[in-house]
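Visitor: I've got a structure open and I'd like to learn how to read it. Can you walk me through a few features?

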Amino acid sequence: MFPAAVLRIALLILVPVSFILSSYLYLYPIFHLCAFPSPEHAATSSFSTTVRQHIPFSRHDPKKIAPFRLLALGDPQLEGNSPLRDRQAQTFPNFSKFWKDALLLDGTRHNPLQRVRHSLHDLIDFYLDDIPSFFELFRKRLDHIGNDYYLGHIYRTLNWWADPTHVTVLGDLVGSQWIDDEEFENRGWRYWNRVVRGGVRVPDELTTQPSEASNSAKILGDDAAAWKKRIINVAGNHDIGYAGDLSPARMERFVRVFGKANYELRFQMPVDHASATQENVENVENDERKRPVPELRIIVLNDMNLDTPASSKELQDETYHFLNEVITASQDVSRPAHFTLVLTHIPLYKKEGICVDGPFFSFFNGHFDNGIQEQNHLSRDASKGFLEGIFGMSAATDAPGQGFGRHGLVINGHDHEGCDIYHYINQTAPPEQEWLAMRWKDAHSSRLDEEPGVPGLREITVRSMMGGFAGNAGLLSLWFDEETWDWNFEFANCGLGTQHIWWLVHILDLITLAIGIVYSVMVGIRSMIPVEDPVFMMERMGNGKVTMLKIETATEGKGGNGNEITVAGLMPTSGKLDVPGAGKKSLRKKKSGRILNGTLNGSSPPR
Ligand SMILES: *[C@@H]1O[C@H](CO)[C@@H](O)[C@H](O)[C@H]1NC(C)=O
């Protein structure tokens, strides 16, 4: 069979397969029915609303689209070069050692046998150590590049399909706090140019301190195109370190590359009274006084050094100062239409077995001021501070707002598996009330969230977007309900699948493309060769006659094996080539073997 024929069959199979798989990969949110939850609470309505947004000229009801849609990405953890090991892999150390040992360059005195023994060892290490680690280095680099684009695929595709108004990455943007500045910059470059390509950090002038946030509140929906591009980066332990290894230098480079670690963003959403009912219109003036403007408060918090001991007291004071400002600048707990969204990295305390990660702390011993080396959750006290400080909840029924605190939500990362939790405190449980946690699914089905005397708050830990966790992304919708004059939210996950799918599809596409190019080139070249022109060959036969051999160039699809040779012209009538004496053999030696092979060994010489 001719190569072109094989390629054509391969293409007939590969082109449709590549097309189908690529469509799946590039349109995965559609296949997985991903959409920001719609204020109507029905999954089908969320999806169909999103579909309608993508169909030109189709009308969609803006009331069905939440005005605040947050794309929440967890723990991308960009891995990268480890400078020391990589440099070693690039220099083939055993090869240079081979020369040293063979030529006694480093001045050692060896007898010839030792010399041979050492250099042979070096050579073996070169082949079995240096060369594999050199290839391993390149495999690793390729893997990192692919992973960057895999993560970028999630961001870009959901940005297009689901159309978020805001985007956050919930910490651990890079995979290690121990890398040097150059490598940190390098990963920062990869983050901005591959993972969230087109995204920009939140400009410093928009990040406010809590005390000034209420004076610089923005209108939700204004400047929408710019907000969609801004990435609200949260600091994670792999970005700046846990309390033990969090240093001013690590904080400084994080702020420089990814933005501030502590700030507040405040949005207001004036409600359009034109859409109000008749009854409401009569009360507009009344409403204005009675019903404060809907407000959304976003708190970006570095919770890496809330717990002690911390090696940098200064940075810990900064975090506590910020937190205190958050608390003092809070709206009254009784203020309606106010929603507090906290974006942070380490989850709140909860007992073992509720989420995948249980409570865990470890401390440096003898260095970094014995600071925190690792932690899975915040301590019980820090968590309590969150719930009772930022959210103003309380076990005491005589506290403002009966201890029910402010409406809100905590979103974080860290536990790569993800979790959805309800923290609550039973105000009537004797003798001492404590904060407990339960899966949101269970809390909601047992209506714990509606129970009187049990204030509570939901905490969503977003599953990691890494390939090992199926490329997950969180979709949070927040909308305002004019009936209850309060905010509502709903959360959904959307997974792409492991990174292997991404690799498989792109490798297949490359193979298909390569075969397509080779095939086109072959077809192109063949179309330039004048195939219809017969090639004639004069053959002087032994008996003095001239035989004309017409050799037809192989043309695929034009009969049989295409390698046919027609003998025409002055053929001996017998139909057999009149080969004198030695016959085939001697002729083959004298003349063109190629032709003769075709002619004489051909299955059926024409008669
Ligand atoms: C709260 O505590 C009271 C008194 O112990 C108990 O009867 C009630 O069931 C508890 N509620 C919840 C939701 O745990």
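Visitor: Let's start inside. Which helix gives the largest share of the lining of the largest cavity?

Guide: Keep in mind that this is a predicted model. With a cavity, you look at the residues around it and ask which element they belong to. Here helix H3 (residues 43–54) gives the largest share, with 4 residues.

Visitor: Which residues line the largest cavity?

Guide: The lining is made up of Phe36, Pro37, Ser38, Ser46, Thr49, Thr50, Gln53, Lys64, Ile65, Ala66, Arg69 and Ala162. Sorted by class, that gives 5 nonpolar, 5 polar and 2 charged residues.

Visitor: How much space lies in the largest cavity, and how many cavities of 30 Å³ or more does a search of the whole structure find?

Guide: The largest cavity holds about 70 Å³ of space. Searching the whole structure turns up 5 cavities of 30 Å³ or more.

Visitor: On to helices. How do I read the packing of H5 and H6, and at what angle do they pack?

Guide: Take the angle between the two helix directions, then the distance between the axes. Helix H5 (residues 93–103) packs with helix H6 (residues 112–161) at about 170 degrees, and their axes are 8 Å apart. An angle over 145 degrees counts as roughly antiparallel, so H5 and H6 are roughly antiparallel to each other.

Visitor: Which residues make that contact between H5 and H6?

Guide: From H5, they include Phe95, Phe98 and Leu103. From H6, Leu123 and Phe126 are among them, along with Asp122, Asp125, Asp129 and Asp130. By class, the residues of this contact divide into 7 nonpolar, 3 polar and 7 charged.

Visitor: Now the backbone. What is the phi of Asp172, and where is this residue placed?

Guide: For a positive phi, check whether the residue is a glycine, then find its place in the chain. Asp172 is not a glycine, yet its phi is positive, about 55 degrees. You'll find Asp172 in the loop between strand E2 (166–169) and helix H7 (181–195).

Visitor: Does Asp172 count as buried or exposed?

Guide: Buried means under 20% relative accessible area. Asp172 has 2% relative accessibility, so it counts as buried.

Visitor: What about His414: what is its phi?

Guide: His414 has a positive phi near 80 degrees, and this residue is not a glycine either. His414 sits in the loop between strand E11 (408–412) and strand E12 (419–425). At 9% relative accessibility, His414 counts as buried.

How values were computed: Residues are numbered from 1 along each chain as its sequence is written. This is a predicted model: local features need pLDDT of at least 70, side-chain atom pairs count only at pLDDT 80 or more; totals for chains, interfaces and linings use all residues. Side-chain values use heavy atoms; hydrogens and water are left out. Axes are lines fitted to C-alpha atoms, for helices over the stretch in contact, and angles run from 0 to 180 degrees between N-to-C directions. Angles under 35 degrees count as roughly parallel, over 145 as roughly antiparallel, 65 to 115 as roughly perpendicular and the rest as oblique. Contact means heavy atoms within 4.5 Å. Ala, Val, Leu, Ile, Met, Phe, Trp, Tyr, Cys and Pro count as nonpolar, Asp, Glu, Lys and Arg as charged, and the others, Gly among them, as polar. On a 1 Å grid over the protein atoms alone, a cavity is a set of points where a 1.4 Å probe fits but cannot get out, and a pocket is an open set with protein on both sides within 12 Å along at least five of seven lines; lining residues have an atom within 4 Å of a point. Grid points are joined across faces, edges and corners, and a volume is the space filled by probe spheres set on the points. Buried means under 20% relative accessible area, exposed over 50%, partly exposed in between (1.4 Å probe, protein chains only).
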